[in-house]
Amino acid sequence: MKWTIRAVLWTAVGDALVLLGVSLAGFATHQSNPAGGRLLAMVVPLLAAWGLTAFLGGLYQPGWVTWKSTAWRAVLAGIAAGPLAAVLRGLWLGSAPVIPVFALVLSGTTALGMGLWRILAMWLFKPKGRA
C-alpha cells in the first residue's frame with residue numbers, strides 16, 4: 001500500500017515540527033535560552049540535513065514510501081542527518097570542529113523523534129477502509 005501525495009505533504013509538515021521539537025528539547029535539556037537566533041542556528045541546519053537525507057532515502061516520493069518501510073527509513077535518515085546537521089551548524093556559527101558527542105546525541109534524538117512520528121503518521125494517514 002503506497003502513500004498519497006496529500007499524506008506525504010502532511011508528513012513533511014510533521015517532520016519540520018518534529019525537528020523543531022528536537023531542537024527545543026536540546027535547549028531545554030541544557031537549560032539554555034533559544035532566543036537571539038540560537039534556535040534558528042540549530043533548526044535551519046537540521047532542516048537542511050534532514051531534507052537531504054530524507055530525499056535521498058525516498059521519504060517524500062509517494063511511489064517509494066510504503067507503510068512498512070517509512071519508520072525504518074526515517075530512523076536511518078535521522079541517523080545520517082545528525083552529523084551533517086552538526087557540521088552545517090558549525091559552519092553557520094563559524095565555530096571550531098564539531099563535538100562528536102553533540103553529533104551523536106543529535107543523531108539519536110532525530111532518529112527517535114522521526115521514527116516515532118512516522119509510526120504515528122502511518123496511523124493518521126492510513127487509507128480509509130483498509131485494515
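Where is the place of Gly78? Select this residue and you will find that the place of Gly78 is in helix α3, where a helix is a DSSP run of H or I with at least four residues, and a strand a run of E with at least two, numbered from the N terminus. Before going on, keep in mind that this is a predicted model, in which local features need pLDDT of at least 70 and side-chain atom pairs count only at pLDDT 80 or more, while totals for chains, interfaces and linings use all residues. Residues are numbered from 1 along each chain as its sequence is written, and side-chain values use heavy atoms, with hydrogens and water left out.

**Stop 1: Gly78 and its surroundings**

Stay on Gly78, which is buried with a relative accessible area of 0%; buried means under 20% relative accessible area, exposed over 50%, and partly exposed in between, with a 1.4 Å probe and protein chains only. Not counting residues up to four places away in sequence, Gly78 touches Trp50, Ser107, Thr110 and Ala111, a contact being heavy atoms within 4.5 Å. If you now select Trp50 as well, the two C-alpha atoms of Gly78 and Trp50 are 6.8 Å apart in space, although the residues are 28 apart in sequence.

**Stop 2: the whole of α3**

Next, select residues 70-93, the 24 residues of α3, which reach 33 Å from the first C-alpha to the last, close to the 34 Å expected at 1.5 Å a residue; the expected span is 1.5 Å times one less than the number of residues. Look then at Ala81, where α3 has a kink of about 30 degrees, shortly before the proline Pro83, the bend being the angle between axes fitted to the seven residues ending there and the seven starting there. The buried residues of α3 include Ala74, Ala77, Ala81 and Gly90, and what covers the buried residues of this helix includes α2 (38-56) and α4 (100-124).

**Stop 3**

Thr53 lies in helix α2 and is buried, with a relative accessible area of 13%. Leaving aside its neighbours within four places in sequence, Thr53 is in contact with Ala77, Ala80 and Ala81.

**Stop 3**

Now select α1, whose 25 residues reach 36 Å from first C-alpha to last, close to the 36 Å expected. Among the buried residues of α1 are Val8, Asp15, Leu19 and Phe27, and its buried residues pack against α2 and α4. Gln31, in the loop between α1 and α2, has a positive phi of about 45 degrees although it is not a glycine, and Gln31 is exposed, with a relative accessible area of 71%.

**Stop 4: the lining of the largest pocket**

Finally, select Gly26, Phe27, His30, Met42 and Phe102, the closest to the centre of the largest pocket of the 16 residues that line it; on a 1 Å grid over the protein atoms alone, a pocket is an open set of points where a 1.4 Å probe fits, with protein on both sides within 12 Å along at least five of seven lines, and lining residues have an atom within 4 Å of a point. The largest share of the lining, 6 residues, comes from α1, while α1, α2 and α4 each supply at least two residues.
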